[in-house]
Amino acid sequence: MKITQIFKIYWPDNGGGIAKVMESIADALPECEHQMLVCQSSRHKKSANDTYKGIAVRRSRQMFEFASTPVSFQFLRDVREKTEDADFVICHFPYPMADLAVLLGLCGGRLVVWWHCGFEKYAGLAPFYGLLARHTLKKAKLILVSSKGNLKSSGLLWQYRKKCRVIPFCVSDAYVQRGRAFAAACRQGKEICGNGQGGRQCRSSPDSAAGMVCILFIGRLVWYKGCDVLLRSFAKMKQKNCRLVLVGSGPLEKELKCLAASLKLKRVVFKGILSEEEKIRQIEACDFLVLPSISKAEAFAIVQLEAMAFGKPVINTALQSGVPYVSIHKQTGITVKPGSVRELAKAMDELAANEALRFAYGENALQRVQKYFTRQAMAKKYRRIFSQQNTVEKEKK
């Protein structure tokens, strides 16, 4: 079976969470032939064929970028050529160029839409893009969502609910195995544990300051991540033995650094883009993760799973998406009102002051990942869904 996935960008360019999902599908179904069809990250790069971690990638030259969307006529030509022999074409939504390809009848194979979020960021194009999106959803054989929350919160998607199937995202085997070993070592006292007072929560980094509680954010510095709310909440915290580390970059980086300076925050560190290994070390070194997202454009946030896999509690927000489904309020962390500086500061204070609570939430988080969010669990769902679709197609013939 051949699976071709379509989106605007892919690794090693900054593909974000959607690129992780694309990679996880290829990892979960090694028996299939896979291909990624995306655009180059810059208009100065020519079209090229390459591989990434053994998976074929076609990168189409873009003409220009509009509303965070690479525009490329070559992409349309490549969709027509590269999907002719595909059994399934997975279109990662939203990406208007992919919807245009569907409208023009360029997609071969059976169309599967992976609905990651709505198209709030294309608000100015909503009247036009809404028509494209409806056409794509109508044409799709299947629509995949990461949680029921994403389905129920979208009026447009709800109209096509009979086509929808829920497949939660997963963390890689490497994260699960390393996280399990890390948590076990913490329990056995083989790592530097606690906050300098003999506690149990593990900290293993030379960057960890003795006696400091390390709060971690990982993600792109874009509007819907709510990093401005995070900085203002950090400034309001009563617990002063805390350090905030932000991993990632984006268009708001300069603005956020200026905000941190204006708030006179001395214990805030912007790490920028890190390698996967360096990111893992930051997760190991932190006491808890904060995901302060303010819009349902944050549909799931795999970074929650990555932190939970290492036994780290999570503070997230009560979005109408899959975010609060991943880390459960008062079980694996704390969920607060989106955009509320007061609630976020209070939640960070609560975890910073209570190491036993952090440890309890962290243990629950680790167990939740290992039970529901492994590659094996996700692969089983994909195989069942694709098999059922194949059966339906055969019966129609």
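Which residues in H8 meet Leu256, Leu259 and Ala260 in H9? They are Cys227, Asp228, Leu231 and Arg232, where meeting is contact, that is, heavy atoms within 4.5 Å. The structure is a predicted model, in which local features need pLDDT of at least 70, side-chain atom pairs count only at pLDDT 80 or more, and totals for chains, interfaces and linings use all residues. Residues are numbered from 1 along each chain as its sequence is written, and side-chain values use heavy atoms, with hydrogens and water left out. Helices are DSSP runs (H or I, at least four residues), numbered from the N terminus.

**H8 with H9**

- The axes of H8 and helix H9 (residues 253-262) come within 10 Å and cross at roughly 15°; axes are lines fitted to C-alpha atoms, for helices over the stretch in contact, with angles from 0 to 180 degrees between N-to-C directions.
- H8 and H9 are therefore roughly parallel to each other (angles under 35 degrees).
- Their crossing is right-handed, meaning that the near helix is turned clockwise from the far one by less than a right angle.
- The contact residues of H8 with H9 comprise five nonpolar, no polar and two charged; Ala, Val, Leu, Ile, Met, Phe, Trp, Tyr, Cys and Pro count as nonpolar, Asp, Glu, Lys and Arg as charged, and the others, Gly among them, as polar.

**H8 with H13**

- Helix H8 (residues 227-236) and helix H13 (residues 341-353) have axes that come within 8 Å and cross at roughly 60°.
- H8 passes H13 in a right-handed crossing.
- From H8, Val229, Leu230, Arg232, Ser233, Phe234 and Lys236 meet Val341, Leu344, Ala345 and Met348 of H13.
- This contact of H8 with H13 divides into seven nonpolar, one polar and two charged residues.

**Glutamine 304**

- Glutamine 304 is placed in helix H11 (residues 302-308) and is buried, with a relative accessible area of 0% (buried is under 20%, with a 1.4 Å probe and protein chains only).
- Its side chain reaches the backbone oxygen of phenylalanine 300 at 2.9 Å.
- Not counting residues up to four places away in sequence, glutamine 304 touches Leu289, Leu291, Val314, Asn316, Val323, Val326 and Ser327.

**Leucine 157**

- Leucine 157 lies in helix H6 (residues 155-158) and counts as buried at 0% relative accessibility.
- Beyond neighbours within four places in sequence, leucine 157 is in contact with Trp115, Leu137, Ile143, Val145, Asn150, Leu151 and Cys164.

Definitions and conventions. Helices (H or I, at least four residues) and strands (E, at least two) are DSSP runs, numbered from the N terminus. Buried means under 20% relative accessible area, exposed over 50%, partly exposed in between (1.4 Å probe, protein chains only). A polar contact is a pair of N or O atoms within 3.5 Å; within protein, one must be able to donate a hydrogen and the other to accept it, and residues adjacent in sequence count only if both atoms are side-chain atoms. Angles under 35 degrees count as roughly parallel, over 145 as roughly antiparallel, 65 to 115 as roughly perpendicular and the rest as oblique.
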